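Visitor: I would like to go through this model with you, a piece at a time. Could you bring it up, please?
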Amino acid sequence: MGHEAQETDATAAVDFKEVQSTPRFQELRKRHRSFVFPMAIAFLLWYFAYVLLADYAVGFMSIKVWGNINVGLIMGLAQFVTTFAITGWYVSYSNRKLDPIAAEIRHEIEGHEFDKHGNQISGVEK
Amino acid sequence: MTFMVPAVNVADLKETTLLNMGIFALFVAITMIIVIKASKNNKTAADYYAAGRSFTGSQNGTAIAGDYLSAASFLGITGAIAINGYDGFMYSIGFLVAWLVALLLVAELLRNTGKFTMADVLSFRLKQRPVRIAAAISTLVVCFFYLLAQMAGAGTLISLLLGISDWGGQALVIVVVGALMIMYVLIGGMKGTTWVQIIKAVLLIAGAAVMTFWVLAIYGFNLSDLLGGAVETSGNPNILNPGLQYGKSEVSKIDFMSLGLALVLGTAALPHVLMRFYTVPTAKEARKSVVWSIWLIGLFYLFTLVLGFGAAALVGADTIKGAPGGVNSAAPLLAFHLGGPLLLGFISAVAFATILAVVAGLTITAAASFAHDIYASVIAKGKADAATEVKVARRTVVVIGLLAIVGGIFANGQNVAFLVALAFAVAASANLPTIVYSLYWRKFTTQGAIWSMYGGLGSAIILIALSPVVSGAKTSMIPGANFAIFPLSNPGIVSIPLAFLLGWLGSVLDKRLEDTTKQAEMEVRSLTGVGAEKATDH
């Protein structure tokens, strides 16, 4: 695995503490956390609210809304919808706000450009 | 709406045995050829464990869906909805929502930080040996629980699909499934295993889609009429409301919350799911994999909603319960009702393929963990070369395969969805707190990791041993004895918070400080992908 050894060497000289303290990295860290933490808390709360309703508010969940379709089924399907929506939202946020800074910092450290598959294109300067 | 429900005669099923076996043999033959072709490039450890990191996000996402949509998902959830109605549906919601934990908090950072196993990430900035050993032990335990569930499912399934009802015959089939799985993993490594999972995911989702379309067509594409049909056949309007299974008592309500917690927090801590993130070249592809798998898995669970209520309406709960295989037979019986022997044969073959593929994925994860974390890092103290490590991994595959066969024969007949839910609870307790802390909490220490992992693992297993799952009820593993002092059948609600607490407490009380340079390195690497292993070139 010579390939692997080379890569370890390439980052061995990097002072990660210094990189960690740069404003660019702090900005990346802040952007990442300020999205994933509130979002994780929000969907967990929504999921447990749903579980508690199904557990303790059976009467409410059994109210028929349209034909045989009741509140419980609609709320269950809404869990699917919110899961898909959060997924889409996170992807668009990452593409816009996270990936560019991450690539920039990576580029500075490794001095390489990456192709679309993430492979290093050695020697190509931006 | 009146509907003639032609009775599904279970005795007719035996006549389709040859057809089922034929379709399954065809699947094995085709996948084996692909596995052999895919294995040509297996040279390094990265090739064997991580498929040379050469899969695209969408391929890996399909393989994750293949790994995740196990027999418990397909047979178990369809059956649970058919019998328990709405309460069965809540399983699928937990299984799906859980993927957001993986997407938002774990997948990309894990891909950027590790190489092959979960332990790579957990031990990155802590003391290597103790953390690696703890992570490897919990990986092996979770994989073994999950393996048992799949192998037990194989036995149950066979009694229905192949008409083999005697213990010896079922044991023989478990041996065949185990032997096939060992061959796939030995020959194909991660690359072969991934291809088996991709093919199986496509077949499973396509099969479920056809059946869903068919059921909906019978009811004029009106979901309300389908639900009405389920109520009519079951004679119980409550099948559409929550609480049929879990609303019986206060204890069962808390049990359901415990299950919900384990499901939603367990997914992102399953070692065989985590390991799949290493088969793609970058964190961006890891993200794409999760997005792809969320769509596929979500779609599939929507299908199971239709299939479950379809089985309740068209086959009927009594016929399902009376069939060999019980609850797990809902989906195959529905297939037989709709498309006769040919569709049953196809669905049965897909169900077999499901078990085979999931078992293969679990085995390679367990083998990689043993060879990479325990053998190479602890026994050989990092001096083993990659070739020896892969050799150890291959031998481990055989050992785990044999253990799974023996375990499967003894666990035959146990409830599949239940065993899987326990594996989720163990994973969420033993692994998730340490994963989250080590990725996000600067002050996390070795002592915190050790306390959290052993505390979570130990408490989950002890609580299961003292629960009605093991003793004290008619459905227990040991129905004769009664030492069930813990009332819940799922330990998650106690063991998961306990593991989080222990991780925090262990770190706060730890007098030794961790290496801040390593912490900085891990944080920078995890967020930027600096120095992460790329795809190997061939």
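Visitor: Which hand does the crossing of α5(B) and α11(B) have?
Guide: In this predicted model, the crossing of α5(B) with α11(B) is right-handed.

Visitor: And at what angle do those two helices pack?
Guide: The angle is about 35°, and the axes lie 7 Å apart. In chain B, helix α5 covers residues 86-97 and helix α11 covers residues 250-266.

Visitor: Which residues meet there?
Guide: From α5(B) come B:Gly94, B:Phe95 and B:Val97; they meet B:Gly260, B:Leu263 and B:Val264 of α11(B). By class, this contact has four nonpolar residues, two polar ones and no charged ones.

Visitor: Moving on to α6(B): how many residues has it, and how far does it reach?
Guide: Helix α6 of chain B, residues 99-113, has 15 residues. From its first C-alpha to its last it reaches 20 Å, close to the 21 Å expected at 1.5 Å a residue.

Visitor: Where is the kink in α6(B) centred?
Guide: The kink in α6(B) is centred on B:Val106 and amounts to about 50°.

Visitor: Is α6(B) enclosed or exposed?
Guide: Helix α6(B) is largely enclosed by the rest of the structure, because 15 of its 15 residues are buried.

Visitor: Where is B:Phe221 found, and is it buried or exposed?
Guide: B:Phe221 is in the loop of chain B between α9 (167-218) and α10 (223-234). It counts as exposed because it has 11 C-beta neighbours inside 10 Å, and the cut-off for exposed is 12 or fewer.

Visitor: Now chain A. What elements does it have?
Guide: Chain A has five helices and four strands. Their order from the N terminus is α-α-α-α-β-β-α-β-β.

Visitor: How much of chain A counts as buried?
Guide: Of its 126 residues, 23% count as buried. Among the contacts in chain A with a separation of 6 or more, 48% come from residues 24 or more positions apart.

Visitor: How many residues does each chain give to the contact between A and B?
Guide: Chain A gives 52 residues and chain B gives 55 residues.

Visitor: Which element gives the most on the chain A side?
Guide: That is α5(A), with 17 residues on the side of chain A that touches chain B. The residues of that side divide into 26 nonpolar, 18 polar and eight charged.

How values were computed: Residues numbered from 1 in each chain as written. Chains lettered and ligands numbered in written order. Predicted model: local features only at pLDDT ≥ 70, side-chain atom pairs only at ≥ 80, totals over all residues. Contact = placed C-beta atoms within 7 Å. Nonpolar A, V, L, I, M, F, W, Y, C, P; charged D, E, K, R; others polar. Axes fitted to C-alpha atoms, helices over the stretch in contact; angles between N-to-C directions. Left-handed = near helix turned anticlockwise from the far one by under 90°. Expected span 1.5 Å × (residues − 1). Bend = angle between axes of the 7 residues up to and from the residue. Buried ≥ 20, exposed ≤ 12 C-beta atoms within 10 Å, placed from the backbone.
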